[in-house]
Every structure is written in structure tokens, then in C-alpha cells.
Amino acid sequence: MTEWLRLPALASAHGGQIDSMIGWVHVFMLILFVGWGGFYLFCLFRFRRSRQPVANYTGVKSHTSSYLEVGVAVVEAILLFGFAIPLWAARVDRMPSTSEALLVDVTAEQFAWNAHYAGPDGVFGRTDIKLIDTQDNPLGLDRSDPAAKDDITTLNQLYLPVNKPIIVRLRSKDMIHSFGVPEFRVKQDAIPGLTIPIWFVPNVTTAEMRTRMGNPEFQYEIACAQLCGLGHYRMRGFVTVLGTDEFQKWVEDEEAKLKEQGADPFR
Ligand SMILES: [Cu+2]
């Protein structure tokens, strides 16, 4: 229905609602544009100098324009209260429960995206600002904490299972960044000092999207959508949406890697 908008391909459960709202806003704005443009042209013609050599100090007596103004305000109120606010409320208030969703902490920094998964135990390990090492431990994860032993961290790469609610808890280490994944119709600023949760259900795997688009290189991209410094242009990450089993396999592979590293006494 909204193909005419040429929006990016859609890959999340709630995205259709956002698209239809964008579509309606465009339709109403087109009506306004044609209406106001027509009125402007009418005034240019109706009040041209040859017809109206002297200014009329009484002005317009008819109330048509007031009714039109009220009509516009009503349509805008419908857009706001009928579409925008309920949609926003559904996105923000009705978070899925943490038992049915996958929780991922995403911490933005100049100029990278750090992801942190709780691992099979479902508990996020302790992090400490003193342990932060920009190269080896950008999140300051304390591996000596038992809950942290199985935690998975990734850089600029988010792996997500398909058709499962995902809650991303967004943070920032330095300045305002913005987590934007156009195909998921998700965009949220990451603000230093705040943890902001956002949720969505990715419903098309990366592999499926590649066949659908006929582009074997296709990747979902996390674009930083706030100008955050000189390296802003290269602050991008990727999201790989995997089938449920593939995601499980990825978790197991990461766990195996962690075990191997843990066995090394020099780490
Ligand atoms: Cu940024």
C-alpha cells in the first residue's frame, strides 16, 4: 500500500504501522499543499491590481477560511491522537516481558557500536568503568564475575534471532548517538547517562532478504543517525538476522570460543 513512498524494505513486525502513518501524513500534506497553493493562486488573481486599485479596509466577510482552518486543525489532531500517539504508546509502553524477549545491551561510543549479550544464564555480568580498555574490553566487563563468564560481546555486529521480540537497551559512553536500522523502522537516540530500551521483532532473516532483493551482499545496517563527531560517517554496524536454530548455533560457537579463551591462564 505504501510502495509509492519507496521506503527501504520492511523487516519488522511493527514497521507496517509506521509506514501506513507515513503514507497518511503524505496524503494529508498533499491535500494541504494543493489547497493552500490553490488559495494562493486564487488570491493573486482575485485581488490583482487592475481589479482592486484601492485597498479594501473591511476585508473578507465570509467565514469559509475559518472553517477551513478548523478543518485542517481537526485533521492534524486526528493524525496526532488517532495515529501518532497510540503508535508511540504501543512502541514505548507495551514492552514485551523479558522472559519472552531477547535482551541485548548496545553501548554507543565514538565511533562504534558495542553489543553485550547475557549468554545462556540470562544474567548480565558486572561491568566496571575501571576495567574499560578501548581495545580489549570496551565495555569494562568483569570476567571474574560468575555471571559474566558466559557473556558474549560483539563489536559493530548484532546477531538477532528472527520472529522473537528483541529489547535493545541503548546507552552511550560519550555523546549523543542514534541507533537507526531503517529496515526495522527503528530509530532511537543514545544519550549519555541514560539507558533507553527499544523493542522490535525482526521478521525477515538476512538470508531471506538477500534472495528477496537479489543482492547476495545485502546487510542490515545500523547507521548512527546523530552527527556525533568527525568519525560519524564511519560509525556503522551490521545486524545479522538468523533463523532460530542458526542463532542458537551462533551462541554455542561464541560460548565455545569463550571457553577456549578462559582456559588460557595468560588472559
Ligand atoms: Cu554516532
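Figure 1. Four donors count as tetrahedral if all angles lie between 85 and 135 degrees. Donors here are N, O and S atoms within 2.8 Å of the metal (3.2 Å for Na, K and Ca); water is not among the atoms, so sites may look incomplete. This is a predicted model, in which local features need pLDDT of at least 70, side-chain atom pairs count only at pLDDT 80 or more, and totals for chains, interfaces and linings use all residues. Residues are numbered from 1 along each chain as its sequence is written, and side-chain values use heavy atoms, with hydrogens and water left out. The copper ion has protein donors His177 (ND1), Cys224 (SG), Cys228 (SG) and Met235 (SD). They lie 2.1 to 2.4 Å from the ion. Angles among the four donor atoms run from 91 to 122°, and the site is tetrahedral. The ideal angle for four tetrahedral donors is 109.5 degrees.

**Figure 2. Copper donors along the chain.** The donor residues of the copper ion follow the spacing H-x46-C-x3-C-x6-M. Cys228 and Met235 are both buried (under 20% relative accessible area; exposed is over 50%, partly exposed in between; 1.4 Å probe, protein chains only).

**Figure 3. Salt bridge between Asp19 and Arg185.** A salt bridge is a side-chain nitrogen of Lys or Arg within 4 Å of a carboxyl oxygen of Asp or Glu. The count by this rule is ten. In this one, the side chains of Asp19 and Arg185 meet at 2.6 Å, N to O. Asp19 sits in helix 1 (residues 15-46), and Arg185 in the loop between strand 6 (177-181) and strand 7 (186-190), so the pair ties together parts 166 residues apart in sequence. Helices (H or I, at least four residues) and strands (E, at least two) are DSSP runs, numbered from the N terminus. Asp19 is buried, at 5% relative accessibility. Arg185 is buried too, at 12%.

**Figure 4. Salt bridge between Asp142 and Arg126.** The closest N and O atoms of this pair are 2.6 Å apart. Both residues lie in the loop between strand 2 (112-117) and strand 3 (152-155), so the bridge ties together parts 16 residues apart in sequence. Asp142 is buried, with 11% relative accessibility. Arg126 is partly exposed, at 41%.

Figure 5. Asp253 and Lys249 form a salt bridge, with closest N and O atoms 3.0 Å apart. Both lie in helix 4 (residues 244-262), four residues apart, about one turn of the helix. Asp253 is partly exposed, at 36% relative accessibility. Lys249 is partly exposed, at 47%.

Definitions and conventions: Tetrahedral: all angles 85-135°; square planar, octahedral: opposite > 155°, others 65-115°.
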